[in-house]
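Have a look at the structure first, then work through the points below.

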Amino acid sequence: MFLRAIGRPLLAKVKQTTGIVGLDVAPNAREVLINLYNKTLKEIKAVPEDEGYRKAVESFTTHRLKVCEEEEDWEKIEERIGCGQVEELIEEAQDELKLIEKMIEWDPWGVPDDYECEIIENDAPIPKHVPRHIPGPLPAEFYQTLEAVQTKRVEPKDAPAVTSGESQLKE
C-alpha cells in the first residue's frame, strides 16, 4: 500500500510512447534540449549579428532554453513551448544545428554590394502543363482614385470623409 501511494505519482510522469512511429521516448529530454539549445546559441554566433536568420534562431532558442531551465516536467515544457512533444523538439533542435552548419557553408549573406544579377529574358512559350497566373483587371474605382491623386483634385469641403473599404465615387 505504501509503495503504491508513493510510487504511482512518480511512475505517472514516465512517458511510455510518443505515439509517433520511429520516434522513441527520450527519458532525459530536458537535459538533451538544454544541451542542444546551448550548442545552438554557441554555433549561431558564426552568423553575422545583423542577419535575420541569426536573430530569429537566437530569439526562439533563447525562449525555449529559458522554458527548459524553468520547468522540470516534460509535460510542462511541451505545454509552454507549444510546438509538439519534447522528442520532436529534440529532432528540431538537431535539424537546426545541421542547418546552421549549412548556412555558414553557403554564406548567403556574403553577397558583395557590387554584385549584379544577370536577367535572362526568354520569349519561349509557357508549356500548357505549367499553371499561369494572369491577374484580372483592376476595378475602375482604382483608376479614378489614381487620377484624382495624380491631378491633386480636391473634394468639396461638405463631402463626407472616405474610410478604407468605402467607395469614393457614388454611381
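A crossing counts as left-handed if the near helix is turned anticlockwise from the far one by less than a right angle, and as right-handed if clockwise. Keep that in mind for this predicted model, where the crossing of H3 and H5 is left-handed while that of H3 and H4 is right-handed.

**H3 against H5**

- The axes of H3 and H5 sit 13 Å apart, and the two helices pack at an angle of about 155°. With over 145° counting as roughly antiparallel, that makes H3 roughly antiparallel to H5.
- On the H3 side, the contact uses Tyr 53, Val 57, Phe 60 and Arg 64. H5 answers with Leu 89, Glu 92, Glu 96, Leu 99, Ile 100 and Met 103.
- Sort the residues of this H3–H5 contact by type and you get seven nonpolar, three charged and no polar ones.

**H3 against H4**

- Helix H3 covers residues 52-70 and helix H4 covers residues 74-81; their axes come within 9 Å and cross at roughly 150°. That makes H3 roughly antiparallel to H4 as well.
- From H3, the residues that meet H4 are His 63, Arg 64, Val 67, Cys 68 and Glu 70. Their partners in H4 are Ile 77, Arg 80 and Ile 81.
- The H3–H4 contact splits into four nonpolar, one polar and three charged residues.

**H2 against H5**

- Here the axes come within 10 Å and cross at roughly 20°, so H2 and H5 are roughly parallel to each other.
- The crossing of H2 and H5 is left-handed.
- H2 brings Ala 29, Val 32, Leu 33, Leu 36, Tyr 37, Lys 39, Thr 40 and Glu 43 to the contact.
- By type, the residues of the contact of H2 with H5 come out as twelve nonpolar, two polar and three charged.

**The nonpolar cores**

- In soluble globular proteins, nonpolar side chains tend to be buried together.
- Which residues touch the most other members of the largest nonpolar core? Out of its 16 residues, they are Leu 33, Tyr 37, Cys 68, Ile 77 and Ile 81.
- Tyr 37 is worth a click: leaving out residues up to four places away in sequence, Tyr 37 touches Thr 61, Arg 64, Leu 65, Cys 68, Leu 89 and Ala 93.
- There's also a second, separate core of seven residues, and its members include Val 47, Tyr 53, Ile 100 and Trp 109.

**Two residues to look up**

- Is Thr 61 buried or exposed? Thr 61 lies in helix H3 and has 1% relative accessibility, so Thr 61 counts as buried.
- Setting aside neighbours within four places in sequence, Thr 61 is in contact with Tyr 37, Thr 40 and Leu 41.
- Thr 61 and Ala 93 are 32 residues apart in sequence, with their C-alpha atoms 8.6 Å apart in space.
- Glu 49 lies in the loop between H2 and H3, and at 62% relative accessibility Glu 49 counts as exposed.
- Beyond four places in sequence, Glu 49 is in contact with Arg 54 and Lys 55.

Key: Residues are numbered from 1 along each chain as its sequence is written. This is a predicted model: local features need pLDDT of at least 70, side-chain atom pairs count only at pLDDT 80 or more; totals for chains, interfaces and linings use all residues. Side-chain values use heavy atoms; hydrogens and water are left out. Axes are lines fitted to C-alpha atoms, for helices over the stretch in contact, and angles run from 0 to 180 degrees between N-to-C directions. Helices (H or I, at least four residues) and strands (E, at least two) are DSSP runs, numbered from the N terminus. Angles under 35 degrees count as roughly parallel, over 145 as roughly antiparallel, 65 to 115 as roughly perpendicular and the rest as oblique. Contact means heavy atoms within 4.5 Å. Ala, Val, Leu, Ile, Met, Phe, Trp, Tyr, Cys and Pro count as nonpolar, Asp, Glu, Lys and Arg as charged, and the others, Gly among them, as polar. A nonpolar core is a set of buried Ala, Val, Leu, Ile, Met, Phe, Trp, Tyr and Cys residues joined through side-chain atoms within 4.5 Å. Buried means under 20% relative accessible area, exposed over 50%, partly exposed in between (1.4 Å probe, protein chains only).
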